[in-house]
Amino acid sequence: MKKLIGQERGHRCVPRRAIDPGRPLQLTEMARATVPGPGTARRCRLLVVDGRCGHAETMSDGPAAEAGERKRHALQLFSGLPRHYDRVGAALSFGQDPRWRRAMVAAVRAGSRDRVLDVATGTGMVADALVRRYGCTVVGLDQSEAMLGRARARVQADDLLRPRVSLVVGEAERLPFADGEFDHLTFTYLLRYVDDPAATVCELARVVRPGGRIASLEFGVPSAPLWRALWKAYARVGLPALGRLVSREWRDTGTFLSRSIPDFYAHRSLADLAALWERAGIADVDVRPMSLGAGVVMWGTRVDERTPTA
Ligand SMILES: C[S@@+](CC[C@H](N)C(=O)[O-])C[C@H]1O[C@@H](n2cnc3c(N)ncnc32)[C@H](O)[C@@H]1O
């Protein structure tokens, strides 16, 4: 029996159109929905069927529309960072971040004819690395116009990137793409900025074809007590202080990161994150903590949700 998990959880979206349990469902189905309150009718995205990726959500007209506190903060945070982003990001991680990125890009194993979606592409560093390594084409998506502006300049200035990289304003929570449209997908430093990481990973997995790879990079917190204590001291004092040397925006970013990274792991372990990926229809999930755990690269393979299991 097909189930709408959003309904089961008492989500406020109530689909008008009945789902016929006998009819095979696409992984994602669109339906009109009635939302209580002013304005009432809104579109709902039903991400889930059959007990795997459970979610129903309202659709908005753009990142700023109906943005929650977290999204508004992310939009504001990244509006002031594009200019120095590439160099400062590497410097604040003591040169480790480029190494983590290389590991993530290596995990994608794309072919030259493949089409890869890079979500939260920012200034386009991962898109650039994917093209240089594989010769593939890349769609870079980000909700920040400011960050994408930098990515655009990078692409326009480069003969190799120009025909291979296209850039799209959009949100990871509501990708403007069809099911299975991409061969592979990457995302970097994204999940701390979304309200519902589990639903977002479902949405990311949705647009990858079965057999395609999904790879991500995120900051981590070292698990060994000594390194953990040193990391915390650096995050609390070093990050804002070093950021201050660059600009007020980077000082604020340093302060933000010193809270946002430990908060992200306060109630979830790396094993929990891997389980979350698996529930989103990603198999063979590998987790590689790097630089004593300060960076975490994860990757896995999209499975076909529509293949009946025994
Ligand atoms: C720390 S930056 C990472 C940029 C880039 N991936 C890199 O290689 O460093 C995080 C990026 O995620 C974007 N972002 C945050 N939340 C997002 C969302 N919900 N949808 C799309 N982009 C998002 C921000 O605008 C920002 O460009």
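Helix 10 (residues 270-279) lies across strand 8, strand 9, strand 10 and strand 11, and runs at about 155° to strand 10. Helices here (H or I, at least four residues) and strands (E, at least two) are DSSP runs, numbered from the N terminus. The angles run from 0 to 180 degrees between N-to-C directions, with axes as lines fitted to C-alpha atoms, for helices over the stretch in contact.

A quick word on the source: this is a predicted model, where local features need pLDDT of at least 70 and side-chain atom pairs count only at pLDDT 80 or more, while totals for chains, interfaces and linings use all residues. Residues are numbered from 1 along each chain as its sequence is written, and side-chain values use heavy atoms, with hydrogens and water left out.

Seven strands make up an open sheet with mixed pairing, in the order 7-6-5-8-9-11-10. Strand 7 (165-169) and strand 10 (282-290) are the edge strands, each pairing on one side only. Two strands pair if DSSP finds at least two bridges between them. Strand 8 (residues 184-188) and strand 9 (residues 213-219) pair in the parallel sense over four bridges; threonine 186 has alanine 215 in strand 9 as its bridge partner. Helix 4 (residues 97-108) also packs on the sheet, touching strand 8, strand 9, strand 10 and strand 11 (295-302), and its direction makes about 165° with that of strand 9. Contact means heavy atoms within 4.5 Å.

On to the ligand. It's surrounded by 21 residues, and the closest are Tyr85, Arg101, Ala120, Asp142 and Glu173; a residue is near if one of its heavy atoms lies within 4 Å. The shell splits into 10 nonpolar, six polar and five charged residues. Here are some N or O pairs (polar contacts need the two atoms within 3.5 Å):

| Residue atom (N or O) | Ligand atom | Distance |
|---|---|---|
| alanine 120, backbone | nitrogen | 2.5 Å |
| aspartate 142, side chain | oxygen | 2.6 Å |
| glutamate 173, side chain | nitrogen | 2.9 Å |

Taken alone, the ligand exposes 590 Å², and the protein buries 98% of that (Shrake-Rupley method, 1.4 Å probe).

Methods: A polar contact is a pair of N or O atoms within 3.5 Å; within protein, one must be able to donate a hydrogen and the other to accept it, and residues adjacent in sequence count only if both atoms are side-chain atoms. Ala, Val, Leu, Ile, Met, Phe, Trp, Tyr, Cys and Pro count as nonpolar, Asp, Glu, Lys and Arg as charged, and the others, Gly among them, as polar.
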